[in-house]
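These are my notebook entries on a single chain, kept in the order in which I looked things up.

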Amino acid sequence: MRDVGATRQAEEGARPARRRLSVDRRREELIAAALELFSRHDAEDVSIDDVAVAAGASRALVYHYFGGKQELYVVALRSAAAELQARLQPQSEGGPLERLTVGLTRYFDFVEEHAAGFAALLRGGPANRAGEIGEIVDGVRQRMLRMITYELGVEMPGPALRVTLRSWIASVETAGLDWLEHRDMARGDLERLLVGQVVALLEVAGGHDPEAGTLLSPPALVPEGGTVR
């Protein structure tokens with residue numbers, strides 16, 4: 001007769017031992033696993049079981065830390081948004097375009113170092129990002145807009161300038177996602193392309209708002225050395 005207890009012990013011994021992690025560390029691992037999944041799949045297609053498997057944890061443990069998938073999704077996106085916003089700090093040195101260039105480099109530092117978080121924040125999830133999710137994404141965009149207007153020395157942008165800068169922010173987001181997907185362009189080249197775009201956009205906006213056309217002085221149109229990084 002087979003010894004069930006001995007068999008169970010043998011099976012448990014064959015399994016990899018689960019690591020003992022602190023509460024914060026385990027929670028971070030679950031969030032990281034969730035962000036990776038949400039960056040590649042719509043939130044509706046990701047289950048708690050998927051997150052548990054990806055994190056090497058039990059389904060019960062995921063529910064222990066998060067009440068359900070929606071809570072996990074919100075917490076994961078908030079984590080990515082907070083990290084990105086921390087990078088978007090106004091600069092105090094250099095001219096307007098030089099400061100914008102530094103800010104853009106910091107933005108792409110996040111894109112490169114936290115690819116899953118960036119992709120999940122701006123691509124994953126429901127098509128209609130209303131409610132709490134929409135507020136998280138919009139918060140990042142508003143933070144970036146405030147940083148840019150600060151760098152340009154503008155307290156309250158007029159309609160033409162506001163539309164121009166928000167359009168450029170959308171271009172930066174799209175460029176980041178495209179770069180992560182294809183990686184067929186050097187990051188420095190991409191940053192220089194985006195800097196050139198904002199210069200061109202502001203020149204066009206100057207035809208509708210004289211203030212926009214004077215924000216970048218001619219000497220600052222090309223960063224020193226002709227490079228971004």
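I looked up the largest cavity and found a volume of about 40 Å³. On a 1 Å grid over the protein atoms alone, a cavity is a set of points where a 1.4 Å probe fits but cannot get out, and lining residues have an atom within 4 Å of a point. Grid points are joined across faces, edges and corners, and a volume is the space filled by probe spheres set on the points. My search of the whole structure returned one cavity of 30 Å³ or more. I recorded the lining of the largest cavity as Leu100, Gly103, Leu104, Tyr107, Met144, Met147, Ile148 and Trp168. Helix 6 (96–113) and helix 8 (131–152) each supply at least two of the lining residues, and helix 6 gives the largest share, four residues.

**Basis of the values.** The model is predicted: local features need pLDDT of at least 70 and side-chain atom pairs count only at pLDDT 80 or more, while totals for chains, interfaces and linings use all residues. Residues are numbered from 1 along each chain as its sequence is written, and side-chain values use heavy atoms, with hydrogens and water left out.

**Fold.** I counted eleven helices and zero strands in the chain; both are DSSP runs numbered from the N terminus (helices H or I, at least four residues; strands E, at least two). Of the 229 residues, 45% are buried (under 20% relative accessible area, with exposed over 50% and partly exposed in between; 1.4 Å probe, protein chains only). Among contacts (heavy atoms within 4.5 Å) with a separation of 6 or more, 69% join residues 24 or more positions apart.

**Core.** Which members of the largest nonpolar core touch the most others? Among its 69 residues, they are Tyr107, Leu121 and Ile148. Such a core is a set of buried Ala, Val, Leu, Ile, Met, Phe, Trp, Tyr and Cys residues joined through side-chain atoms within 4.5 Å. Leaving aside residues up to four places away in sequence, I listed Leu100, Leu165, Trp168 and Ile169 as touching isoleucine 148.

**Helix 7.** In helix 7 (residues 115–122), seven of the eight residues are buried. They are Ala116, Gly117, Phe118, Ala119, Ala120, Leu121 and Leu122, and they pack against helix 2, helix 5 (69–87), helix 6, helix 8 and helix 9.

**Serine 39.** I located serine 39 in helix 2 (residues 23–40). Its relative accessible area is 7%, so serine 39 counts as buried. Beyond four places in sequence, serine 39 touches Ala116, Ala119, Ala120 and Arg123.

The largest pocket has a volume of about 220 Å³; a pocket is an open set of points with protein on both sides within 12 Å along at least five of seven lines. Helix 2, helix 5 and helix 7 each give two or more residues to its lining, and the largest share, four residues, comes from helix 2.

**Arginine 183.** This residue is not a glycine, yet I noted a positive phi of about 55°. Arginine 183 sits in the loop between helix 9 (159–182) and helix 10 (187–205). Its relative accessibility is 43%, so arginine 183 counts as partly exposed.

**Annotation.** The unreviewed UniProt entry places a "DNA-binding region" at residues 47–66; such annotations may be inferred rather than shown by experiment, and the positions follow the numbering used here, with feature names shortened. I found that span to be 75% helix and 0% strand, with its end C-alpha atoms 13 Å apart.
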